[in-house]
Amino acid sequence: MALDGIVVANLRKEIEDRILGGRISKIAQPETDELLLTIKSTGGQYRLSLCASASLPYACFIDTNKPNPAAAPGFCMLLRKHLGGGRILAVTQPGLERILELTIEHLDEMGDVRRKKLILEIMGKHSNLIFCDENNRIIDSIKHIPAMVSSLREVLPGRPYFVPNTMDKKDPLTISEEEFLSSTASQPLPCAKALYSTLTGISPLAAEELCFRASIDSSLPVNTLAEAEKCHLYGTLRRTMEEVQEGRFFPNVIQRNGAAEEFASIHLTHLQGNVYTRIDDPSISRVLQSFYAARSAASRIRQKSSDLRRAVSTALERNVKKLELQQKQLKDTEKREKYRIYGELIHSFGYDIPEGAKEMTAPNYYDENKEIRIPLDPQISAADNAARYFEKYNKQKRTCEALSKQLLETREEIDHLETIAAALDMAVSESDLAQIKEEMQQFGFIRRRDKAKQGPGYKGQKKEKKAAGKPLHYLSSDGFHMYVGKNNFQNEEVTFRLADGGDWWFHAKGVPGSHVIVKTGGQELPDRAFEEAGQLAAYYSKGRDSEKVEIDYVKRREVKKTAGGKPGFVIYHTNYSLMAAPVIEGLQELS
(Lines give C-alpha, C1' and ligand atoms only; values in the text may rest on other atoms or scores of the structure.)
Protein backbone atom coordinates (compact mmCIF):
# COMPACT_ATOMS: atom_id res chain seq x y z
CA MET A 1 0.00 0.00 0.00
CA ALA A 2 1.56 3.31 -1.02
CA LEU A 3 -0.21 6.63 -1.36
CA ASP A 4 2.93 8.13 -2.87
CA GLY A 5 3.67 11.20 -4.95
CA ILE A 6 2.50 9.48 -8.15
CA VAL A 7 -0.90 8.66 -6.66
CA VAL A 8 -1.15 12.23 -5.32
CA ALA A 9 -0.40 13.53 -8.84
CA ASN A 10 -3.23 11.32 -10.12
CA LEU A 11 -5.52 12.72 -7.42
CA ARG A 12 -4.52 16.29 -8.26
CA LYS A 13 -5.49 15.78 -11.89
CA GLU A 14 -8.81 14.12 -11.04
CA ILE A 15 -9.72 16.83 -8.52
CA GLU A 16 -8.76 19.55 -11.00
CA ASP A 17 -10.77 17.94 -13.81
CA ARG A 18 -13.91 17.73 -11.69
CA ILE A 19 -14.07 20.81 -9.50
CA LEU A 20 -11.80 23.51 -10.97
CA GLY A 21 -13.92 26.65 -11.03
CA GLY A 22 -16.54 25.08 -8.76
CA ARG A 23 -17.89 26.69 -5.61
CA ILE A 24 -17.82 25.32 -2.08
CA SER A 25 -21.41 24.97 -0.88
CA LYS A 26 -20.85 23.01 2.35
CA ILE A 27 -17.97 22.39 4.73
CA ALA A 28 -18.19 19.63 7.36
CA GLN A 29 -15.79 17.91 9.74
CA PRO A 30 -17.20 14.41 10.33
CA GLU A 31 -14.05 13.23 12.16
CA THR A 32 -11.46 15.06 14.23
CA ASP A 33 -8.93 14.76 11.39
CA GLU A 34 -11.19 14.79 8.30
CA LEU A 35 -12.88 17.49 6.22
CA LEU A 36 -15.73 16.96 3.78
CA LEU A 37 -16.19 19.67 1.14
CA THR A 38 -19.34 19.72 -0.97
CA ILE A 39 -18.52 21.50 -4.24
CA LYS A 40 -20.85 22.49 -7.06
CA SER A 41 -19.23 22.73 -10.48
CA THR A 42 -20.31 22.57 -14.11
CA GLY A 43 -20.07 18.78 -14.01
CA GLY A 44 -22.39 18.44 -11.03
CA GLN A 45 -22.06 18.24 -7.27
CA TYR A 46 -19.09 16.45 -5.69
CA ARG A 47 -18.10 15.51 -2.16
CA LEU A 48 -14.34 15.76 -1.61
CA SER A 49 -13.00 14.03 1.51
CA LEU A 50 -9.65 15.27 2.86
CA CYS A 51 -8.36 13.05 5.67
CA ALA A 52 -5.24 13.72 7.75
CA SER A 53 -5.50 10.54 9.82
CA ALA A 54 -2.17 9.31 11.18
CA SER A 55 -2.94 5.75 10.09
CA LEU A 56 -4.91 6.19 6.84
CA PRO A 57 -4.45 9.68 5.33
CA TYR A 58 -6.03 10.20 1.90
CA ALA A 59 -8.00 12.48 -0.41
CA CYS A 60 -10.76 11.28 -2.69
CA PHE A 61 -14.28 11.93 -3.92
CA ILE A 62 -16.93 9.94 -2.08
CA ASP A 63 -20.47 9.03 -3.10
CA THR A 64 -22.30 9.23 0.23
CA ASN A 65 -22.52 11.86 2.92
CA LYS A 66 -21.12 11.30 6.40
CA PRO A 67 -22.81 12.03 9.74
CA ASN A 68 -21.52 15.16 11.44
CA PRO A 69 -21.13 15.98 15.14
CA ALA A 70 -23.93 18.00 16.74
CA ALA A 71 -21.59 20.97 17.24
CA ALA A 72 -19.12 21.82 14.48
CA PRO A 73 -15.44 21.91 15.64
CA GLY A 74 -13.63 25.24 15.69
CA PHE A 75 -11.51 24.50 12.61
CA CYS A 76 -14.64 23.69 10.61
CA MET A 77 -16.34 26.92 11.76
CA LEU A 78 -13.27 28.92 10.74
CA LEU A 79 -13.28 27.41 7.24
CA ARG A 80 -17.02 28.07 6.89
CA LYS A 81 -16.43 31.71 7.76
CA HIS A 82 -13.61 32.19 5.24
CA LEU A 83 -14.28 29.68 2.47
CA GLY A 84 -18.05 29.24 2.37
CA GLY A 85 -19.14 30.01 -1.20
CA GLY A 86 -15.49 30.27 -2.30
CA ARG A 87 -14.40 29.30 -5.82
CA ILE A 88 -11.67 26.73 -6.55
CA LEU A 89 -9.01 28.57 -8.57
CA ALA A 90 -6.25 25.97 -8.65
CA VAL A 91 -5.31 22.48 -7.50
CA THR A 92 -1.53 22.10 -7.26
CA GLN A 93 1.14 19.73 -6.04
CA PRO A 94 4.66 21.00 -5.28
CA GLY A 95 6.99 18.76 -7.28
CA LEU A 96 6.10 15.16 -6.56
CA GLU A 97 5.52 15.79 -2.85
CA ARG A 98 2.61 14.12 -1.09
CA ILE A 99 0.92 17.50 -0.76
CA LEU A 100 -2.28 18.86 -2.31
CA GLU A 101 -2.96 22.60 -2.34
CA LEU A 102 -6.40 24.02 -3.07
CA THR A 103 -6.31 27.74 -3.92
CA ILE A 104 -9.72 29.26 -3.14
CA GLU A 105 -11.01 32.73 -4.01
CA HIS A 106 -13.65 34.32 -1.75
CA LEU A 107 -15.01 37.66 -0.58
CA ASP A 108 -14.03 38.93 2.86
CA GLU A 109 -16.26 40.87 5.29
CA MET A 110 -15.60 44.10 3.36
CA GLY A 111 -16.53 42.52 0.02
CA ASP A 112 -12.92 42.47 -1.20
CA VAL A 113 -11.61 39.48 -3.18
CA ARG A 114 -9.19 37.34 -1.19
CA ARG A 115 -7.34 34.14 -1.88
CA LYS A 116 -6.63 31.44 0.66
CA LYS A 117 -5.00 27.99 0.53
CA LEU A 118 -6.22 24.75 2.03
CA ILE A 119 -3.28 22.34 2.13
CA LEU A 120 -3.43 18.60 2.75
CA GLU A 121 -0.12 16.99 3.71
CA ILE A 122 -0.30 13.20 3.29
CA MET A 123 2.70 12.12 5.36
CA GLY A 124 1.73 9.20 7.59
CA LYS A 125 1.66 10.13 11.26
CA HIS A 126 2.73 13.69 10.32
CA SER A 127 -0.31 14.23 8.06
CA ASN A 128 -2.11 17.54 8.51
CA LEU A 129 -4.67 19.95 7.05
CA ILE A 130 -3.39 23.51 7.05
CA PHE A 131 -5.27 26.73 6.21
CA CYS A 132 -3.10 29.62 4.95
CA ASP A 133 -3.61 33.18 3.71
CA GLU A 134 -2.36 34.63 0.41
CA ASN A 135 1.05 35.31 1.99
CA ASN A 136 1.52 31.66 2.99
CA ARG A 137 1.01 32.47 6.66
CA ILE A 138 -0.82 29.83 8.67
CA ILE A 139 -4.28 30.88 9.84
CA ASP A 140 -5.01 27.55 11.54
CA SER A 141 -4.53 23.79 11.15
CA ILE A 142 -6.48 20.70 12.07
CA LYS A 143 -3.46 19.57 14.15
CA HIS A 144 -1.26 22.06 16.01
CA ILE A 145 2.45 21.15 16.04
CA PRO A 146 4.39 23.23 18.60
CA ALA A 147 8.17 23.49 18.85
CA MET A 148 8.29 20.93 21.67
CA VAL A 149 6.85 18.35 19.25
CA SER A 150 8.88 19.34 16.18
CA SER A 151 11.91 21.57 16.34
CA LEU A 152 12.15 21.64 12.53
CA ARG A 153 8.75 23.14 11.70
CA GLU A 154 6.02 24.62 13.86
CA VAL A 155 2.47 24.40 12.54
CA LEU A 156 0.69 27.08 14.55
CA PRO A 157 -1.47 30.13 13.71
CA GLY A 158 0.69 33.06 12.62
CA ARG A 159 3.70 30.97 11.62
CA PRO A 160 4.92 31.01 7.98
CA TYR A 161 4.05 27.89 5.98
CA PHE A 162 6.75 26.04 4.06
CA VAL A 163 7.03 22.58 2.58
CA PRO A 164 8.63 20.16 5.07
CA ASN A 165 12.27 19.27 4.53
CA THR A 166 12.48 16.00 2.59
CA MET A 167 16.09 15.29 3.55
CA ASP A 168 17.51 16.85 0.39
CA LYS A 169 15.73 14.43 -1.91
CA LYS A 170 15.75 15.15 -5.63
CA ASP A 171 12.62 15.85 -7.65
CA PRO A 172 12.18 12.88 -10.03
CA LEU A 173 10.18 15.10 -12.40
CA THR A 174 13.14 17.39 -13.08
CA ILE A 175 16.25 15.36 -12.20
CA SER A 176 18.80 15.18 -15.02
CA GLU A 177 20.74 12.08 -15.97
CA GLU A 178 23.96 13.59 -14.58
CA GLU A 179 22.30 14.33 -11.24
CA PHE A 180 20.78 10.84 -11.15
CA LEU A 181 24.14 9.17 -11.79
CA SER A 182 26.00 11.32 -9.24
CA SER A 183 23.38 11.03 -6.47
CA THR A 184 20.96 8.10 -6.69
CA ALA A 185 23.15 5.74 -8.74
CA SER A 186 26.21 6.31 -6.54
CA GLN A 187 24.56 5.08 -3.32
CA PRO A 188 25.87 1.89 -1.65
CA LEU A 189 22.25 0.80 -1.17
CA PRO A 190 20.00 -1.80 -2.77
CA CYS A 191 18.66 -0.45 -6.04
CA ALA A 192 15.04 -0.06 -4.90
CA LYS A 193 16.03 1.55 -1.60
CA ALA A 194 18.33 3.99 -3.37
CA LEU A 195 15.41 5.14 -5.53
CA TYR A 196 12.92 5.80 -2.74
CA SER A 197 15.59 7.15 -0.38
CA THR A 198 16.90 9.83 -2.74
CA LEU A 199 13.86 10.76 -4.88
CA THR A 200 10.79 12.62 -3.66
CA GLY A 201 7.41 10.89 -3.97
CA ILE A 202 8.78 7.46 -4.93
CA SER A 203 7.46 4.73 -2.62
CA PRO A 204 9.13 1.33 -2.05
CA LEU A 205 6.36 -0.19 -4.21
CA ALA A 206 7.04 2.20 -7.11
CA ALA A 207 10.79 1.66 -6.70
CA GLU A 208 10.35 -2.12 -7.02
CA GLU A 209 8.29 -1.56 -10.16
CA LEU A 210 10.94 0.72 -11.72
CA CYS A 211 13.65 -1.88 -11.07
CA PHE A 212 11.47 -4.60 -12.57
CA ARG A 213 10.77 -2.54 -15.69
CA ALA A 214 14.49 -1.91 -16.06
CA SER A 215 15.20 -5.68 -15.67
CA ILE A 216 17.43 -4.99 -12.65
CA ASP A 217 17.50 -6.97 -9.41
CA SER A 218 16.15 -4.52 -6.82
CA SER A 219 18.31 -6.04 -4.05
CA LEU A 220 21.64 -5.36 -5.82
CA PRO A 221 23.64 -2.32 -4.62
CA VAL A 222 22.98 0.38 -7.19
CA ASN A 223 26.59 1.61 -7.18
CA THR A 224 27.77 -1.83 -8.39
CA LEU A 225 25.63 -1.73 -11.54
CA ALA A 226 27.25 -1.29 -14.92
CA GLU A 227 27.09 2.21 -16.40
CA ALA A 228 24.68 1.01 -19.09
CA GLU A 229 22.34 -0.45 -16.42
CA LYS A 230 22.35 2.83 -14.49
CA CYS A 231 21.50 4.75 -17.65
CA HIS A 232 18.75 2.24 -18.48
CA LEU A 233 17.31 2.67 -14.96
CA TYR A 234 17.30 6.45 -15.42
CA GLY A 235 15.57 6.03 -18.78
CA THR A 236 12.88 3.89 -17.15
CA LEU A 237 12.39 6.55 -14.46
CA ARG A 238 12.24 9.30 -17.10
CA ARG A 239 9.56 7.49 -19.14
CA THR A 240 7.46 6.90 -16.01
CA MET A 241 7.75 10.54 -14.99
CA GLU A 242 6.72 11.64 -18.51
CA GLU A 243 3.50 9.63 -18.05
CA VAL A 244 2.93 11.47 -14.76
CA GLN A 245 3.60 14.90 -16.31
CA GLU A 246 1.29 14.15 -19.22
CA GLY A 247 -1.46 12.94 -16.90
CA ARG A 248 -1.44 9.37 -18.22
CA PHE A 249 -2.37 7.41 -15.12
CA PHE A 250 -3.57 3.83 -14.71
CA PRO A 251 -5.40 3.53 -11.35
CA ASN A 252 -5.61 -0.10 -10.27
CA VAL A 253 -5.91 -2.39 -7.27
CA ILE A 254 -3.85 -5.55 -6.89
CA GLN A 255 -5.67 -8.38 -5.16
CA ARG A 256 -3.88 -11.34 -3.67
CA ASN A 257 -6.03 -14.42 -3.17
CA GLY A 258 -9.11 -12.23 -3.44
CA ALA A 259 -8.04 -9.62 -0.86
CA ALA A 260 -6.93 -6.11 -1.87
CA GLU A 261 -3.22 -5.82 -1.11
CA GLU A 262 -1.84 -2.86 -3.09
CA PHE A 263 -3.02 0.07 -5.17
CA ALA A 264 -1.18 2.36 -7.55
CA SER A 265 -1.56 4.84 -10.39
CA ILE A 266 0.92 2.96 -12.60
CA HIS A 267 0.74 -0.63 -13.78
CA LEU A 268 2.46 -2.90 -11.25
CA THR A 269 3.92 -5.41 -13.66
CA HIS A 270 6.17 -6.94 -10.99
CA LEU A 271 3.10 -8.22 -9.13
CA GLN A 272 1.78 -10.90 -11.41
CA GLY A 273 1.13 -14.62 -11.37
CA ASN A 274 -1.65 -16.91 -10.25
CA VAL A 275 -2.07 -15.35 -6.81
CA TYR A 276 -2.33 -11.75 -8.08
CA THR A 277 -5.27 -10.14 -9.85
CA ARG A 278 -5.24 -6.58 -11.18
CA ILE A 279 -8.49 -4.60 -11.22
CA ASP A 280 -8.36 -1.40 -13.27
CA ASP A 281 -10.56 1.63 -12.63
CA PRO A 282 -10.44 4.97 -14.45
CA SER A 283 -11.05 6.83 -11.15
CA ILE A 284 -8.33 6.92 -8.49
CA SER A 285 -11.02 8.08 -6.03
CA ARG A 286 -12.98 4.87 -6.51
CA VAL A 287 -9.78 2.86 -6.09
CA LEU A 288 -8.98 4.62 -2.82
CA GLN A 289 -12.59 4.52 -1.62
CA SER A 290 -12.88 0.75 -2.09
CA PHE A 291 -9.37 0.04 -0.80
CA TYR A 292 -9.65 2.21 2.30
CA ALA A 293 -13.19 1.10 3.10
CA ALA A 294 -11.95 -2.37 4.05
CA ARG A 295 -8.81 -1.01 5.74
CA SER A 296 -10.65 1.63 7.73
CA ALA A 297 -13.26 -0.93 8.83
CA ALA A 298 -10.49 -3.26 10.01
CA SER A 299 -8.72 -0.35 11.71
CA ARG A 300 -11.95 0.72 13.41
CA ILE A 301 -12.62 -2.81 14.67
CA ARG A 302 -9.05 -3.06 15.94
CA GLN A 303 -9.41 0.23 17.81
CA LYS A 304 -12.75 -0.86 19.32
CA SER A 305 -11.18 -4.16 20.42
CA SER A 306 -8.16 -2.52 22.10
CA ASP A 307 -9.61 -2.86 25.61
CA LEU A 308 -10.46 -6.52 25.04
CA ARG A 309 -7.00 -7.18 23.59
CA ARG A 310 -5.41 -5.53 26.60
CA ALA A 311 -7.50 -7.64 28.98
CA VAL A 312 -6.61 -10.84 27.11
CA SER A 313 -2.91 -9.94 27.00
CA THR A 314 -2.87 -9.15 30.73
CA ALA A 315 -4.69 -12.37 31.62
CA LEU A 316 -2.37 -14.40 29.37
CA GLU A 317 0.72 -12.86 30.89
CA ARG A 318 -0.59 -13.49 34.39
CA ASN A 319 -1.44 -17.14 33.63
CA VAL A 320 1.88 -17.84 31.94
CA LYS A 321 3.72 -16.53 35.02
CA LYS A 322 1.42 -18.60 37.25
CA LEU A 323 2.11 -21.70 35.12
CA GLU A 324 5.88 -21.20 35.43
CA LEU A 325 5.59 -20.85 39.22
CA GLN A 326 3.37 -23.92 39.50
CA GLN A 327 5.79 -25.97 37.37
CA LYS A 328 8.68 -24.89 39.61
CA GLN A 329 6.73 -25.79 42.75
CA LEU A 330 5.75 -29.16 41.24
CA LYS A 331 9.38 -29.89 40.44
CA ASP A 332 10.24 -29.22 44.10
CA THR A 333 7.80 -31.97 45.16
CA GLU A 334 9.65 -34.61 43.11
CA LYS A 335 11.91 -35.34 46.12
CA ARG A 336 8.96 -36.36 48.29
CA GLU A 337 9.66 -40.10 47.82
CA LYS A 338 13.06 -39.57 49.44
CA TYR A 339 11.37 -38.44 52.67
CA ARG A 340 9.11 -41.50 52.71
CA ILE A 341 12.13 -43.78 52.30
CA TYR A 342 13.99 -41.92 55.05
CA GLY A 343 11.06 -42.45 57.40
CA GLU A 344 10.72 -46.16 56.60
CA LEU A 345 14.46 -46.81 56.97
CA ILE A 346 14.57 -45.02 60.32
CA HIS A 347 11.68 -47.25 61.50
CA SER A 348 13.48 -50.36 60.21
CA PHE A 349 17.06 -49.69 61.32
CA GLY A 350 16.93 -46.84 63.83
CA TYR A 351 16.42 -48.91 67.00
CA ASP A 352 20.12 -48.59 68.00
CA ILE A 353 20.70 -44.94 67.02
CA PRO A 354 22.58 -43.26 69.89
CA GLU A 355 20.94 -40.22 71.48
CA GLY A 356 22.03 -36.89 69.88
CA ALA A 357 23.13 -38.50 66.58
CA LYS A 358 23.12 -36.12 63.61
CA GLU A 359 22.83 -38.83 60.93
CA MET A 360 22.54 -42.55 60.42
CA THR A 361 23.65 -44.98 57.72
CA ALA A 362 21.32 -47.77 56.61
CA PRO A 363 20.94 -50.20 53.68
CA ASN A 364 18.34 -48.94 51.19
CA TYR A 365 16.22 -51.96 50.28
CA TYR A 366 14.63 -49.88 47.50
CA ASP A 367 18.02 -49.62 45.72
CA GLU A 368 19.75 -53.03 45.91
CA ASN A 369 20.57 -52.45 49.61
CA LYS A 370 23.04 -49.69 48.79
CA GLU A 371 23.90 -47.74 51.90
CA ILE A 372 22.24 -44.37 52.33
CA ARG A 373 23.00 -41.54 54.79
CA ILE A 374 19.98 -40.02 56.49
CA PRO A 375 20.25 -36.60 58.23
CA LEU A 376 18.74 -36.52 61.74
CA ASP A 377 17.69 -33.81 64.18
CA PRO A 378 19.79 -34.52 67.31
CA GLN A 379 17.24 -32.76 69.53
CA ILE A 380 14.51 -35.37 68.97
CA SER A 381 14.21 -39.17 69.06
CA ALA A 382 14.50 -41.52 66.09
CA ALA A 383 10.75 -42.11 66.09
CA ASP A 384 10.13 -38.37 65.99
CA ASN A 385 12.64 -38.00 63.12
CA ALA A 386 10.76 -40.67 61.18
CA ALA A 387 7.43 -38.94 61.91
CA ARG A 388 8.85 -35.64 60.71
CA TYR A 389 9.99 -37.21 57.40
CA PHE A 390 6.57 -38.85 56.91
CA GLU A 391 4.94 -35.49 57.59
CA LYS A 392 7.14 -33.83 54.92
CA TYR A 393 6.29 -36.64 52.50
CA ASN A 394 2.55 -36.34 53.04
CA LYS A 395 2.64 -32.55 52.77
CA GLN A 396 4.51 -32.66 49.46
CA LYS A 397 2.24 -35.44 48.21
CA ARG A 398 -0.83 -33.28 48.90
CA THR A 399 0.94 -30.30 47.28
CA CYS A 400 1.72 -32.40 44.18
CA GLU A 401 -1.88 -33.52 43.81
CA ALA A 402 -3.19 -29.97 44.21
CA LEU A 403 -0.57 -28.52 41.83
CA SER A 404 -1.29 -31.17 39.18
CA LYS A 405 -4.93 -30.12 39.20
CA GLN A 406 -4.02 -26.40 39.20
CA LEU A 407 -1.56 -26.90 36.32
CA LEU A 408 -4.28 -28.53 34.25
CA GLU A 409 -6.66 -25.64 35.00
CA THR A 410 -4.00 -23.02 34.19
CA ARG A 411 -3.11 -24.69 30.88
CA GLU A 412 -6.81 -24.85 29.98
CA GLU A 413 -7.19 -21.16 30.82
CA ILE A 414 -4.15 -20.27 28.66
CA ASP A 415 -5.60 -22.33 25.78
CA HIS A 416 -8.93 -20.56 26.23
CA LEU A 417 -7.31 -17.11 26.23
CA GLU A 418 -5.32 -17.96 23.10
CA THR A 419 -8.52 -18.88 21.28
CA ILE A 420 -10.01 -15.54 22.34
CA ALA A 421 -6.90 -13.69 21.12
CA ALA A 422 -7.19 -15.49 17.75
CA ALA A 423 -10.92 -14.60 17.61
CA LEU A 424 -10.10 -10.91 18.14
CA ASP A 425 -7.82 -11.07 15.09
CA MET A 426 -10.65 -12.58 13.03
CA ALA A 427 -13.41 -10.20 14.20
CA VAL A 428 -14.89 -8.19 11.32
CA SER A 429 -17.88 -6.52 12.99
CA GLU A 430 -18.97 -5.03 16.27
CA SER A 431 -21.33 -7.97 16.81
CA ASP A 432 -18.29 -10.29 16.69
CA LEU A 433 -16.62 -8.16 19.38
CA ALA A 434 -19.82 -8.22 21.43
CA GLN A 435 -19.80 -12.03 21.39
CA ILE A 436 -16.15 -12.12 22.45
CA LYS A 437 -16.85 -9.63 25.23
CA GLU A 438 -19.80 -11.74 26.40
CA GLU A 439 -17.56 -14.82 26.56
CA MET A 440 -14.87 -12.93 28.50
CA GLN A 441 -17.49 -11.73 30.98
CA GLN A 442 -18.93 -15.23 31.40
CA PHE A 443 -15.51 -16.64 32.31
CA GLY A 444 -14.42 -13.77 34.51
CA PHE A 445 -11.69 -12.28 32.32
CA ILE A 446 -13.47 -8.92 32.50
CA ARG A 447 -16.17 -7.74 34.87
CA ARG A 448 -19.68 -6.83 33.84
CA ARG A 449 -20.58 -3.19 34.35
CA ASP A 450 -22.65 -2.85 37.50
CA LYS A 451 -25.62 -0.83 36.28
CA ALA A 452 -27.18 -0.93 39.74
CA LYS A 453 -24.71 1.76 40.78
CA GLN A 454 -25.79 4.34 38.25
CA GLY A 455 -27.23 6.76 40.77
CA PRO A 456 -30.67 7.71 42.08
CA GLY A 457 -33.62 7.14 39.82
CA TYR A 458 -32.22 3.95 38.29
CA LYS A 459 -35.13 1.51 38.00
CA GLY A 460 -33.24 -1.70 37.63
CA GLN A 461 -30.99 -3.38 35.14
CA LYS A 462 -32.50 -4.24 31.79
CA LYS A 463 -31.83 -7.63 30.37
CA GLU A 464 -29.01 -7.34 27.86
CA LYS A 465 -29.59 -8.58 24.34
CA LYS A 466 -27.45 -11.52 23.38
CA ALA A 467 -24.79 -10.69 20.79
CA ALA A 468 -25.80 -11.85 17.32
CA GLY A 469 -22.62 -12.20 15.27
CA LYS A 470 -22.88 -14.61 12.34
CA PRO A 471 -20.38 -17.19 11.10
CA LEU A 472 -18.79 -16.64 7.70
CA HIS A 473 -20.54 -18.40 4.83
CA TYR A 474 -18.69 -19.51 1.69
CA LEU A 475 -19.65 -21.42 -1.44
CA SER A 476 -17.00 -23.82 -2.72
CA SER A 477 -15.98 -24.18 -6.36
CA ASP A 478 -18.22 -27.26 -6.55
CA GLY A 479 -21.22 -25.58 -4.94
CA PHE A 480 -20.92 -26.89 -1.37
CA HIS A 481 -21.85 -24.55 1.47
CA MET A 482 -19.08 -23.94 4.01
CA TYR A 483 -19.42 -22.20 7.39
CA VAL A 484 -16.58 -20.68 9.42
CA GLY A 485 -16.85 -19.70 13.08
CA LYS A 486 -14.95 -16.48 13.92
CA ASN A 487 -15.00 -17.02 17.70
CA ASN A 488 -15.79 -19.72 20.26
CA PHE A 489 -19.55 -19.03 20.34
CA GLN A 490 -19.72 -19.18 16.54
CA ASN A 491 -17.57 -22.34 16.52
CA GLU A 492 -20.13 -23.88 18.86
CA GLU A 493 -22.93 -22.81 16.53
CA VAL A 494 -21.45 -24.15 13.28
CA THR A 495 -20.39 -27.46 14.85
CA PHE A 496 -23.37 -28.36 17.01
CA ARG A 497 -26.28 -26.48 15.44
CA LEU A 498 -25.59 -25.88 11.75
CA ALA A 499 -23.88 -29.19 11.02
CA ASP A 500 -25.43 -32.63 10.67
CA GLY A 501 -23.67 -35.85 11.65
CA GLY A 502 -22.74 -36.60 8.03
CA ASP A 503 -21.16 -33.19 7.35
CA TRP A 504 -17.37 -32.72 7.43
CA TRP A 505 -15.58 -30.81 10.20
CA PHE A 506 -12.15 -29.13 9.78
CA HIS A 507 -9.75 -27.45 12.23
CA ALA A 508 -6.08 -26.43 12.25
CA LYS A 509 -4.09 -28.98 14.27
CA GLY A 510 -2.61 -27.83 17.56
CA VAL A 511 -3.30 -24.09 17.16
CA PRO A 512 -6.29 -21.84 17.94
CA GLY A 513 -8.57 -21.35 14.97
CA SER A 514 -12.00 -21.60 13.42
CA HIS A 515 -14.25 -24.62 13.15
CA VAL A 516 -15.05 -25.10 9.46
CA ILE A 517 -18.09 -27.12 8.44
CA VAL A 518 -18.83 -28.37 4.92
CA LYS A 519 -22.50 -29.23 4.34
CA THR A 520 -22.56 -32.36 2.21
CA GLY A 521 -26.30 -32.70 1.64
CA GLY A 522 -25.77 -36.47 1.63
CA GLN A 523 -23.26 -36.29 -1.27
CA GLU A 524 -19.64 -37.41 -1.50
CA LEU A 525 -17.25 -34.45 -1.36
CA PRO A 526 -14.81 -34.08 -4.27
CA ASP A 527 -11.10 -33.66 -3.49
CA ARG A 528 -11.24 -29.97 -4.35
CA ALA A 529 -13.87 -29.34 -1.66
CA PHE A 530 -11.61 -30.96 0.95
CA GLU A 531 -8.69 -28.78 -0.21
CA GLU A 532 -10.74 -25.58 -0.10
CA ALA A 533 -12.16 -26.36 3.34
CA GLY A 534 -8.62 -27.06 4.56
CA GLN A 535 -7.48 -23.72 3.15
CA LEU A 536 -10.31 -21.98 5.02
CA ALA A 537 -9.35 -23.71 8.28
CA ALA A 538 -5.70 -22.73 7.73
CA TYR A 539 -6.51 -19.12 6.80
CA TYR A 540 -8.78 -18.60 9.81
CA SER A 541 -6.27 -19.90 12.34
CA LYS A 542 -3.25 -18.71 14.27
CA GLY A 543 -1.10 -20.41 11.62
CA ARG A 544 -2.23 -17.97 8.91
CA ASP A 545 1.31 -16.63 8.41
CA SER A 546 2.80 -20.08 7.75
CA GLU A 547 3.29 -21.51 4.27
CA LYS A 548 1.41 -24.69 5.16
CA VAL A 549 -0.82 -25.65 8.08
CA GLU A 550 -1.72 -29.18 9.17
CA ILE A 551 -5.49 -29.63 9.24
CA ASP A 552 -7.49 -32.30 11.05
CA TYR A 553 -10.78 -33.26 9.45
CA VAL A 554 -13.43 -35.75 10.47
CA LYS A 555 -17.13 -36.46 10.13
CA ARG A 556 -19.10 -34.16 12.37
CA ARG A 557 -20.60 -37.13 14.28
CA GLU A 558 -17.11 -37.93 15.62
CA VAL A 559 -16.73 -34.50 17.24
CA LYS A 560 -17.83 -34.40 20.89
CA LYS A 561 -18.08 -31.66 23.49
CA THR A 562 -16.74 -32.55 26.93
CA ALA A 563 -19.07 -32.19 29.89
CA GLY A 564 -18.64 -28.70 31.31
CA GLY A 565 -16.20 -27.79 28.58
CA LYS A 566 -15.63 -24.23 27.45
CA PRO A 567 -17.40 -23.03 24.27
CA GLY A 568 -15.67 -24.12 21.10
CA PHE A 569 -13.54 -26.79 22.83
CA VAL A 570 -14.15 -30.29 21.47
CA ILE A 571 -12.56 -33.74 21.38
CA TYR A 572 -12.32 -36.37 18.67
CA HIS A 573 -10.47 -39.69 18.75
CA THR A 574 -10.14 -40.54 15.07
CA ASN A 575 -9.41 -38.18 12.21
CA TYR A 576 -7.76 -37.63 8.83
CA SER A 577 -5.09 -35.00 8.15
CA LEU A 578 -4.05 -32.80 5.23
CA MET A 579 -1.62 -29.95 4.65
CA ALA A 580 -3.20 -26.73 3.39
CA ALA A 581 -1.92 -23.31 2.39
CA PRO A 582 -3.66 -20.46 4.26
CA VAL A 583 -5.20 -18.88 1.16
CA ILE A 584 -8.74 -18.44 -0.10
CA GLU A 585 -9.10 -19.26 -3.78
CA GLY A 586 -12.15 -20.10 -5.85
CA LEU A 587 -14.51 -19.46 -2.95
CA GLN A 588 -17.47 -17.13 -3.09
CA GLU A 589 -18.33 -15.41 0.19
CA LEU A 590 -22.07 -15.22 0.78
CA SER A 591 -23.81 -12.74 3.04
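**Strands, cores and a buried threonine in a predicted model**

In the hairpin formed by strand 6 and strand 7, 5 residues lie between the strands, and Gly-111 takes a positive phi near 85 degrees. The model is predicted: local features need pLDDT of at least 70 and side-chain atom pairs count only at pLDDT 80 or more, while totals for chains, interfaces and linings use all residues. Residues are numbered from 1 along each chain as its sequence is written, and side-chain values use heavy atoms, with hydrogens and water left out.

Strands (E, at least two residues) and helices (H or I, at least four) are DSSP runs numbered from the N terminus. Strands pair if DSSP finds at least two bridges between them. Strand 6 (residues 99-107) runs antiparallel to strand 7 (residues 113-121), with 9 bridges; Ile-104 stands opposite Lys-116. Strand 5 (residues 87-92) is also antiparallel to strand 6, through 5 bridges, and Val-91 has Leu-102 as its bridge partner.

A nonpolar core is a set of buried Ala, Val, Leu, Ile, Met, Phe, Trp, Tyr and Cys residues joined through side-chain atoms within 4.5 Å. The largest has 47 residues, and Leu-102 and Leu-118 are among those with the most contacts inside it. Another core, of 33 residues, lies apart from it and includes Ile-175 and Leu-195.

Thr-184 lies in the loop between helix 3 (177-182) and helix 4 (191-198). Thr-184 is buried, with a relative accessible area of 1%. Leaving out residues up to four places away in sequence, Thr-184 touches Glu-179, Ala-194, Leu-195, Thr-198, Leu-199 and Val-222 (contact means heavy atoms within 4.5 Å).

Terms used: Buried < 20%, exposed > 50% of the residue type's maximum accessible area, 1.4 Å probe, protein only.
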